[in-house]
Amino acid sequence: IPIAEQSGMIAALGSWALLEACRMHSSALAGLKVSVNVSSMQLRDESFLSVLQDAMDEFQVNPGQLELELTESVFLESADHALAMLHAIKNTGVKLAMDDFGTGYSSLSYLRSFPFDTLKIDRAFVIELVEKKDAEAVVHMITGLAQTLGMRTVCEGVETPQQLEAIQRAGCDEVQGYIVAKPMPLQEFVVFRENWDKTKPTGWR
C-alpha cells in the first residue's frame with residue numbers, strides 16, 4: 001500500500017477494491033456487512049465520492065451494509081477536507097470505521113468531530129492483554145469511550161481464548177483475528193460461512 005501511494009496507483013487500486021467488494025456483496029457475500037480499506041490519499045481525490053456511488057449503484061448495494069475503514073493518518077493532512085469528505089460519505093448511508101485505533105495520531109476532539117460508526121482497536125493492545133493489566137484497562141477505557149460516542153468496537157488480532165476472555169471483560173463488541181478464522185480465498189469463505197452455525201464456539205453469534 002505505501003508503494004501504491006508513493007507511485008500514484010492507490011486511486012486505481014482502491015477503486016478496483018471497492019468495485020470488487022460491491023460486486024461480491026451482490027453475490028457471494030449477500031446479506032453480510034462488507035468492509036473495505038480506504039487510503040487517506042483516496043479521500044483527497046475529488047472523484048472518490050462518485051466512484052463510491054457508482055459502485056453501489058452498479059451492484060445495487062445497500063449503503064448500510066458497506067463500511068469503509070480508514071486509519072488515523074486521515075487526520076494528518078487537511079483534516080477539514082477529510083471531515084467534509086467523511087460527512088459526504090455518511091450522507092450516502094455508508095458506514096465508517098476507524099482502523100488500528102491507538103497507534104498515535106487520534107485525539108478526543110477528532111473522535112467527537114469525525115462521524116465514525118466503528119472503532120477498531122489496534123492489535124498491539126491485544127498482544128499485551130494477558131500479560132499486562134494496564135493493557136486491559138486501556139481497552140476497557142477505549143470501549144467505554146466508544147460507547148459514549150455511539151460507536152461499536154472491534155478488537156483486532158485476537159488469537160487465543162485468554163485474549164478473548166480479557167476482551168469480553170473489557171466490554172468490546174466484536175473481535176477480528178485468527179481465533180475466528182485466518183484470511184482465506186472467497187470460495188473457502190463461502191464454505192466456512194455455510195458451516196458457521198455448526199462449528200462456531202458456544203455463545204458466538
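**Notes on the salt bridges**

1. Arginine 152 has a relative accessible area of 22% and is therefore partly exposed, where buried means under 20%, exposed over 50% and partly exposed in between, with a 1.4 Å probe and protein chains only. Its partner in a salt bridge is glutamate 174, with 2.7 Å between the closest N and O atoms. Because arginine 152 lies in strand β5 (residues 152-155) and glutamate 174 in strand β6 (residues 174-175), the pair ties together parts that are 22 residues apart in sequence. Glutamate 174, at 30% relative accessibility, also counts as partly exposed, and a network of salt bridges links Glu67, Arg152 and Glu174.

2. The model is predicted, so local features need pLDDT of at least 70 and side-chain atom pairs count only at pLDDT 80 or more, whereas totals for chains, interfaces and linings use all residues. Residues are numbered from 1 along each chain as its sequence is written, and side-chain values use heavy atoms, leaving out hydrogens and water.

3. A salt bridge here is a side-chain nitrogen of Lys or Arg within 4 Å of a carboxyl oxygen of Asp or Glu, and by this rule there are 9 salt bridges. Helices (H or I, at least four residues) and strands (E, at least two) are DSSP runs, numbered from the N terminus.

4. Lysine 120 and glutamate 69 form a salt bridge at 3.0 Å, N to O. This pair links distant parts of the chain, with lysine 120 in strand β4 (residues 118-121) and glutamate 69 in strand β2 (residues 66-70), 51 residues apart. Both lysine 120 and glutamate 69 are buried.
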